[in-house]
Amino acid sequence: KISFQGRHLLTWKDYKREEIVHLLERAVELKQKPYSEALAQKTLAMIFEKSSTRTRVSFEVGMTQLGGTAINLNSRDMQLGRGETIADTAQVLSRYVDGIMIRTDSHQKLQELAANGNVPVISGLCDIYHPCQALADMLTIYEQKEKLSGVKLVYTGDGNNVAHSLMIIGAILGLEVVVASPPGYEPLGFVTENARELAETNGGSVTITADVEKAAEDADVLYADVWTSMGQEAEEAERKKALFPYQVNQNLVDIAKPDVSVLHCLPAHREEEITAEVIDGPNSVVFDQAENRLHVQKAIMEALL
Ligand code: CP
Ligand code: NVA
């Protein structure tokens, strides 16, 4: 009944709760039994328009462990970087490879790639979403709390791609998602609307607030991401100023539940969005979280490719 064959992954909004749960269950199995020939002779093209450590390495290692191959393509070295269209690139790559993972600055490019090719397209982050990260985060939270439904997940800082994907997947899986952001840095209105609709049908909730200390009360999970995302470097100084009160520090950890888990998608900037004391402290699970990228992406590739 559940079929993933040939589908794209641009946002979790396109997936049902049982489909996401299925991928999480498969990720747990793959974590225990990593090697197979499930994707033998299959090739994944990985296009990067932006830097990456985790996404790049975990997708490539994941393909290797499933018996397939990944090709790393920097968009600057491709004809894409010299003006070849996304549509032509999609058609050409579809003749060679079995799937395309792309990290890009624009969700629209992802949609164009998906619309013009005939192989699955997986988002490795765009300006609006970071779905693979959010699935790894759900696995990490499940490992810590042994449940997802009803878990209070507090994201603090910039209402960005990582926040958006957490809101969407959290709403679908029944979490109590709270995003604490200063004025001007809230999540996009349409994403909040979508997430709230999804929460209503799935028993979760999505709250946006500027009051970070109130948000942290009873938190099961505190989540931080960078204040200045890739491509926003010109705004760094003003972002630091606006977002400083939203830092994940010991004060915030002390407000949350005693067993609060601290997550960060990484890369981290110690003493900016999170203190060294917290990210290197006993509540932090950031390296389990980074590891889980590998396991969930293997589940995703196995299903879609
Ligand atoms: N969290 C994450 O996507 O890391 P990279 O930018 O290193 O891929
Ligand atoms: N919000 C960050 C996430 C990096 C993994 C960015 O877009 O740069």
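Which residue in E8 is the bridge partner of Tyr-155? The legends below get there by way of strand E5.

This is a predicted model, so local features are given only where pLDDT is at least 70 and side-chain atom pairs count only at pLDDT 80 or more, while totals for chains, interfaces and linings use all residues. Residues are numbered from 1 along each chain as its sequence is written, and chains are lettered from A and ligands numbered from 1 in the order in which they are written.

**View 1. Confidence across the model.** The protein chain averages a pLDDT of 98, and 100% of the residues score at least 70; pLDDT is the predictor's confidence in each residue, from 0 to 100. The scores for the model are ipTM 0.99 and pTM 0.98.

View 2. Strands (E, at least two residues) and helices (H or I, at least four) are DSSP runs numbered from the N terminus. Take Val-154: it has 27 other C-beta atoms within 10 Å. Val-154 also sits 6.7 Å from Ala-215, C-alpha to C-alpha, though the two are 61 residues apart in sequence.

**View 3. The partners of E5.** Strands pair if DSSP finds at least two bridges between them. E5 runs parallel to E6 (residues 176–180), joined by 5 bridges, and Leu-153 stands opposite Val-177 there. To get from E5 to E6, the chain passes through helix H6 (residues 161–172) in a right-handed β-α-β crossover (clockwise from the first strand over the helix to the second, with the strands pointing away from the viewer). E5 also pairs with E8 (residues 221–224), again parallel, over 4 bridges. And here's the opening question settled: Tyr-155 has Tyr-223 as its bridge partner in E8.

**View 4. The shell around ligand 1.** Around ligand 1 are Ser-52, Thr-53, Arg-54, Thr-55, Leu-125, Gln-133, Cys-265 and Leu-266, each with its backbone-placed C-beta atom within 6 Å of the ligand. At least three residues of this shell come from each of domain 1 (12–129 + 293–304) and domain 2 (133–290), with bounds from an automatic or database domain assignment.

**View 5. The shell around ligand 2.** Residues around ligand 2 include Leu-125, Asn-160, Asp-225, Met-230 and Cys-265.

Note on methods: A residue is buried if 20 or more other C-beta atoms lie within 10 Å of its own, exposed if 12 or fewer, and partly exposed in between; C-beta atoms are placed from the backbone.
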